[in-house]
Amino acid sequence: QNFPIAPETLVELAKAALIKDSGVLDPSLWADDFEFCAPYVGPLSKEAFLEAADGFGIYEAFPDFDNRYFGFTVDPIEPGRVWFMTRLCATNDGVGLFGRKEPTNKSVVLPPQMYSFLFDEKGLIRELTVGYPVDRRQGSTGGLGGMFGVFYGIGQALPFPEGKPYQLSRRF
């Protein structure tokens, strides 16, 4: 790869960043040019991502939020990229979302999703990608990943086509 950080060290950096909620709890893990990107959101700058992440209150709404990360591997083509998967499960038994006072008490299981960190040569996270479903047939979200899947899974789907399960178009 011609990258100054060994693959084993990149995987360890990725796991350490996940303990800090991908850097949300410690933005010093991010490079100055950090970007967040999901299937329909982003790229977002460091400041925009922190503002968005703070607005969800996800851990208050889902006290048992568990990403269940696995399958860490260093990309053999793109230097500094670590790919990994998640099989998120959570129950909305904390506070409600979207201004609702009461939680739904519904559990949600997302399909397996691919995530990644792209590290710079100093070991800082330059890019975080999340929420790319691998098998939309699994889970309880109609195949949606990321926060779109979480909202849909508890019965609070977002009010636009990307916030609903995939459907073939008539033309297709």
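Q: What makes Glu8 and Ile19 of α1 count as exposed?
A: This model is predicted. Exposed means over 50% relative accessible area. Glu8 and Ile19 carry that label, and they sit on the face of α1 turned away from its buried side.

Q: Which residues of α1 are called buried?
A: They are Leu10, Val11, Ala14, Ala17 and Leu18. The label needs a relative accessible area under 20%.

Q: How do you know that the buried residues are on the same side of α1?
A: Look at Leu10, Val11, Ala14, Ala17 and Leu18. They cover an arc of only 120 degrees around the axis, so they lie on the same side of α1. An α-helix has 3.6 residues a turn, so residues three or four places apart point the same way.

Q: What do the buried residues of α1 pack against?
A: They pack against four strands: β3 (69–74), β4 (81–86), β7 (113–119) and β8 (125–133). Contact here means heavy atoms within 4.5 Å.

Q: How do you know that the span of α1 is close to the expected one?
A: α1 has 13 residues. The expected span is 1.5 Å times one less than the number of residues.

Q: Why is Ser22 called buried?
A: Its relative accessible area is 7%. The cut-off is under 20%, so Ser22 is buried. Ser22 lies in the loop between α1 and β1. Its phi is positive too, near 60 degrees.

Q: Why is Asn67 called buried?
A: Asn67 has a relative accessible area of 11%. Asn67 is placed in the loop between α3 (58–61) and β3. Among the residues it touches are Thr86, Arg87, Leu88 and Tyr115.

Q: What makes Tyr166, Leu168 and Phe172 a nonpolar patch?
A: A patch takes residues with over 30% relative accessible area, and nonpolar side chains are joined within 5 Å. Tyr166, Leu168 and Phe172 form such a patch on the surface, with about 410 Å² of accessible area together. Tyr166 is in the segment after α4 (146–153).

Q: Which peptide bond is cis, joining Gly42 to its partner?
A: The bond between Gly42 and Pro43 is cis, with omega about 10 degrees. Most peptide bonds are trans. Pro43 is found in the loop between β1 (30–37) and β2 (44–45).

Terms used:
Residues are numbered from 1 along each chain as its sequence is written. This is a predicted model: local features need pLDDT of at least 70, side-chain atom pairs count only at pLDDT 80 or more; totals for chains, interfaces and linings use all residues. Side-chain values use heavy atoms; hydrogens and water are left out. Helices (H or I, at least four residues) and strands (E, at least two) are DSSP runs, numbered from the N terminus. Buried means under 20% relative accessible area, exposed over 50%, partly exposed in between (1.4 Å probe, protein chains only). The arc is that of the directions from the helix axis to the C-beta atoms. Patches are made of residues with over 30% relative accessible area and no salt bridge: like charges are joined within 9 Å, nonpolar side chains (Val, Leu, Ile, Met, Phe, Trp, Tyr) within 5 Å. Accessible areas come from the Shrake-Rupley method with a 1.4 Å probe; for residues, only the protein chains shown count as cover. A salt bridge is a side-chain nitrogen of Lys or Arg within 4 Å of a carboxyl oxygen of Asp or Glu.
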